[in-house]
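Hi there,

Here is the model I promised to pass on.

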Amino acid sequence: MDAPSQDINLNSPNKGLPEHMIDVPVDTPAGGDGVGVLSEVETEELKSELIKVEDEIATLRQVLAAKEKHAAEIKRKLGLTPFNELKQNLTKGWQDVQASNAYKKTTATLSTAGSKTSSAISSVGSVLSRTLGEIKSHPFSQSFSSYSIRHSISMPAMRESPTFKSFEESVGNLKLFNSKT
(Lines give C-alpha, C1' and ligand atoms only; values in the text may rest on other atoms or scores of the structure.)
Protein backbone atom coordinates (compact mmCIF):
# COMPACT_ATOMS: atom_id res chain seq x y z
CA MET A 1 0.00 0.00 0.00
CA ASP A 2 1.34 3.34 -1.04
CA ALA A 3 1.07 5.75 1.92
CA PRO A 4 1.06 9.10 0.06
CA SER A 5 -1.84 8.10 -2.22
CA GLN A 6 -4.12 6.98 0.65
CA ASP A 7 -7.03 9.07 1.91
CA ILE A 8 -6.91 9.56 5.68
CA ASN A 9 -10.38 9.88 7.16
CA LEU A 10 -10.54 9.64 10.93
CA ASN A 11 -13.98 10.20 12.44
CA SER A 12 -12.61 10.30 15.95
CA PRO A 13 -9.41 11.96 17.04
CA ASN A 14 -8.46 8.82 19.05
CA LYS A 15 -9.53 6.17 16.54
CA GLY A 16 -6.60 4.01 15.47
CA LEU A 17 -3.99 6.05 17.29
CA PRO A 18 -1.20 4.46 19.33
CA GLU A 19 -1.71 4.69 23.10
CA HIS A 20 0.96 7.36 23.56
CA MET A 21 -1.02 9.67 21.25
CA ILE A 22 -4.52 9.22 22.71
CA ASP A 23 -4.22 12.07 25.17
CA VAL A 24 -2.67 14.43 22.64
CA PRO A 25 -5.02 17.43 22.23
CA VAL A 26 -6.34 18.01 18.75
CA ASP A 27 -6.42 21.65 17.78
CA THR A 28 -7.97 22.86 14.60
CA PRO A 29 -7.16 26.10 12.90
CA ALA A 30 -9.78 28.79 12.36
CA GLY A 31 -10.93 27.02 9.16
CA GLY A 32 -11.76 23.91 11.20
CA ASP A 33 -10.45 21.35 8.71
CA GLY A 34 -7.53 20.13 10.86
CA VAL A 35 -5.00 20.40 8.03
CA GLY A 36 -1.58 21.63 9.05
CA VAL A 37 -2.03 21.01 12.78
CA LEU A 38 0.02 17.82 12.98
CA SER A 39 3.76 17.94 12.95
CA GLU A 40 5.66 16.08 10.28
CA VAL A 41 6.57 13.32 12.74
CA GLU A 42 2.96 12.87 13.87
CA THR A 43 1.75 12.75 10.27
CA GLU A 44 4.28 10.03 9.45
CA GLU A 45 3.30 8.05 12.56
CA LEU A 46 -0.38 8.27 11.60
CA LYS A 47 0.30 7.20 8.03
CA SER A 48 2.36 4.28 9.29
CA GLU A 49 -0.39 3.32 11.75
CA LEU A 50 -3.00 3.55 8.99
CA ILE A 51 -0.99 1.23 6.76
CA LYS A 52 -0.68 -1.29 9.60
CA VAL A 53 -4.43 -1.18 10.37
CA GLU A 54 -5.37 -1.59 6.71
CA ASP A 55 -2.97 -4.54 6.42
CA GLU A 56 -4.54 -6.12 9.50
CA ILE A 57 -8.02 -5.63 7.98
CA ALA A 58 -6.92 -7.30 4.74
CA THR A 59 -5.39 -10.20 6.71
CA LEU A 60 -8.57 -10.63 8.77
CA ARG A 61 -10.66 -10.70 5.56
CA GLN A 62 -8.43 -13.43 4.16
CA VAL A 63 -8.66 -15.45 7.39
CA LEU A 64 -12.44 -15.03 7.45
CA ALA A 65 -12.73 -16.19 3.81
CA ALA A 66 -10.59 -19.24 4.57
CA LYS A 67 -12.70 -20.08 7.65
CA GLU A 68 -15.94 -19.72 5.66
CA LYS A 69 -14.55 -22.03 2.97
CA HIS A 70 -13.52 -24.58 5.61
CA ALA A 71 -16.98 -24.41 7.24
CA ALA A 72 -18.60 -24.98 3.82
CA GLU A 73 -16.40 -28.06 3.26
CA ILE A 74 -17.36 -29.47 6.67
CA LYS A 75 -21.06 -28.87 5.96
CA ARG A 76 -20.70 -30.56 2.57
CA LYS A 77 -19.05 -33.62 4.18
CA LEU A 78 -21.86 -33.76 6.74
CA GLY A 79 -24.47 -33.53 3.98
CA LEU A 80 -25.68 -30.13 5.11
CA THR A 81 -26.47 -28.45 1.81
CA PRO A 82 -28.08 -25.03 1.73
CA PHE A 83 -31.31 -26.70 0.56
CA ASN A 84 -31.26 -29.13 3.49
CA GLU A 85 -30.61 -26.28 5.92
CA LEU A 86 -33.52 -24.34 4.45
CA LYS A 87 -35.73 -27.43 4.66
CA GLN A 88 -34.76 -27.95 8.31
CA ASN A 89 -35.43 -24.28 9.11
CA LEU A 90 -38.84 -24.43 7.44
CA THR A 91 -39.74 -27.68 9.22
CA LYS A 92 -38.71 -26.21 12.57
CA GLY A 93 -40.63 -23.02 11.84
CA TRP A 94 -43.77 -24.97 10.88
CA GLN A 95 -43.52 -27.03 14.06
CA ASP A 96 -43.22 -23.82 16.08
CA VAL A 97 -46.29 -22.40 14.35
CA GLN A 98 -48.30 -25.56 15.01
CA ALA A 99 -47.32 -25.49 18.67
CA SER A 100 -48.48 -21.87 19.09
CA ASN A 101 -51.74 -21.06 20.85
CA ALA A 102 -52.88 -18.84 17.99
CA TYR A 103 -52.59 -21.73 15.50
CA LYS A 104 -54.47 -24.09 17.81
CA LYS A 105 -57.30 -21.56 18.34
CA THR A 106 -57.50 -20.82 14.61
CA THR A 107 -57.61 -24.53 13.74
CA ALA A 108 -60.41 -25.12 16.23
CA THR A 109 -62.39 -22.14 14.95
CA LEU A 110 -62.00 -23.16 11.30
CA SER A 111 -62.97 -26.73 12.12
CA THR A 112 -66.16 -25.54 13.84
CA ALA A 113 -66.94 -23.15 10.99
CA GLY A 114 -66.37 -25.92 8.45
CA SER A 115 -68.72 -28.34 10.16
CA LYS A 116 -71.42 -25.64 10.51
CA THR A 117 -71.02 -24.66 6.85
CA SER A 118 -71.22 -28.29 5.79
CA SER A 119 -74.43 -28.85 7.73
CA ALA A 120 -75.94 -25.62 6.37
CA ILE A 121 -75.15 -26.62 2.78
CA SER A 122 -76.59 -30.05 3.41
CA SER A 123 -79.79 -28.47 4.75
CA VAL A 124 -80.09 -26.14 1.76
CA GLY A 125 -79.50 -29.06 -0.59
CA SER A 126 -82.23 -31.18 0.98
CA VAL A 127 -84.68 -28.25 0.93
CA LEU A 128 -83.93 -27.63 -2.75
CA SER A 129 -84.33 -31.31 -3.58
CA ARG A 130 -87.66 -31.48 -1.77
CA THR A 131 -88.90 -28.26 -3.43
CA LEU A 132 -87.88 -29.42 -6.91
CA GLY A 133 -89.58 -32.73 -6.27
CA GLU A 134 -92.77 -30.91 -5.31
CA ILE A 135 -92.62 -28.76 -8.43
CA LYS A 136 -92.17 -31.80 -10.69
CA SER A 137 -95.11 -33.59 -9.10
CA HIS A 138 -97.42 -30.57 -9.49
CA PRO A 139 -99.83 -30.93 -12.48
CA PHE A 140 -99.14 -27.37 -13.69
CA SER A 141 -95.43 -28.07 -14.21
CA GLN A 142 -96.21 -30.98 -16.56
CA SER A 143 -98.46 -28.88 -18.76
CA PHE A 144 -95.89 -26.05 -18.62
CA SER A 145 -93.06 -28.29 -19.70
CA SER A 146 -95.08 -29.68 -22.61
CA TYR A 147 -96.03 -26.11 -23.54
CA SER A 148 -92.34 -25.16 -23.53
CA ILE A 149 -91.51 -28.02 -25.86
CA ARG A 150 -94.36 -27.14 -28.22
CA HIS A 151 -93.35 -23.48 -28.09
CA SER A 152 -89.75 -24.20 -29.00
CA ILE A 153 -90.82 -26.48 -31.83
CA SER A 154 -93.02 -23.76 -33.32
CA MET A 155 -90.31 -21.03 -33.16
CA PRO A 156 -88.83 -21.70 -36.63
CA ALA A 157 -92.29 -21.61 -38.16
CA MET A 158 -93.06 -18.35 -36.35
CA ARG A 159 -89.92 -16.70 -37.76
CA GLU A 160 -91.19 -17.28 -41.27
CA SER A 161 -94.55 -15.60 -40.52
CA PRO A 162 -95.33 -12.19 -42.13
CA THR A 163 -95.94 -10.63 -38.68
CA PHE A 164 -92.50 -11.62 -37.40
CA LYS A 165 -90.81 -10.36 -40.58
CA SER A 166 -92.67 -7.06 -40.31
CA PHE A 167 -91.54 -6.78 -36.69
CA GLU A 168 -87.90 -7.46 -37.67
CA GLU A 169 -88.06 -4.76 -40.35
CA SER A 170 -89.47 -2.25 -37.86
CA VAL A 171 -86.70 -2.99 -35.36
CA GLY A 172 -84.09 -2.79 -38.11
CA ASN A 173 -85.44 0.59 -39.25
CA LEU A 174 -85.45 1.78 -35.65
CA LYS A 175 -81.77 0.77 -35.26
CA LEU A 176 -80.83 2.58 -38.45
CA PHE A 177 -82.74 5.68 -37.32
CA ASN A 178 -80.96 5.69 -33.92
CA SER A 179 -77.53 5.20 -35.48
CA LYS A 180 -78.03 8.20 -37.83
CA THR A 181 -78.83 10.55 -34.94
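First, a term: helices (H or I, at least four residues) and strands (E, at least two) are DSSP runs, numbered from the N terminus. This is a predicted model, where local features need pLDDT of at least 70, side-chain atom pairs count only at pLDDT 80 or more, and totals for chains, interfaces and linings use all residues. Residues are numbered from 1 along each chain as its sequence is written, and side-chain values use heavy atoms, with hydrogens and water left out.

The protein chain has five helices and zero strands. Of its 181 residues, 4% count as buried (under 20% relative accessible area, with exposed over 50% and partly exposed in between; 1.4 Å probe, protein chains only).

Helix α1 covers residues 40–78 and reaches 57 Å from first to last C-alpha, close to the 57 Å expected (1.5 Å times one less than its number of residues). Gly-79 follows α1 and has a positive phi, near 80 degrees.

You will also find two salt bridges, each a side-chain nitrogen of Lys or Arg within 4 Å of a carboxyl oxygen of Asp or Glu. One joins Lys-75 and Glu-85 at 3.5 Å, N to O. That pair links distant parts of the chain, with Lys-75 in helix α1 and Glu-85 in helix α2 (residues 82–99). Lys-75 is partly exposed at 37%, and Glu-85 is partly exposed at 27%.

Lys-92 and Asp-96 also meet in a salt bridge, at 3.2 Å, N to O. Because they are four residues apart in helix α2, about one helical turn separates them.

Best wishes
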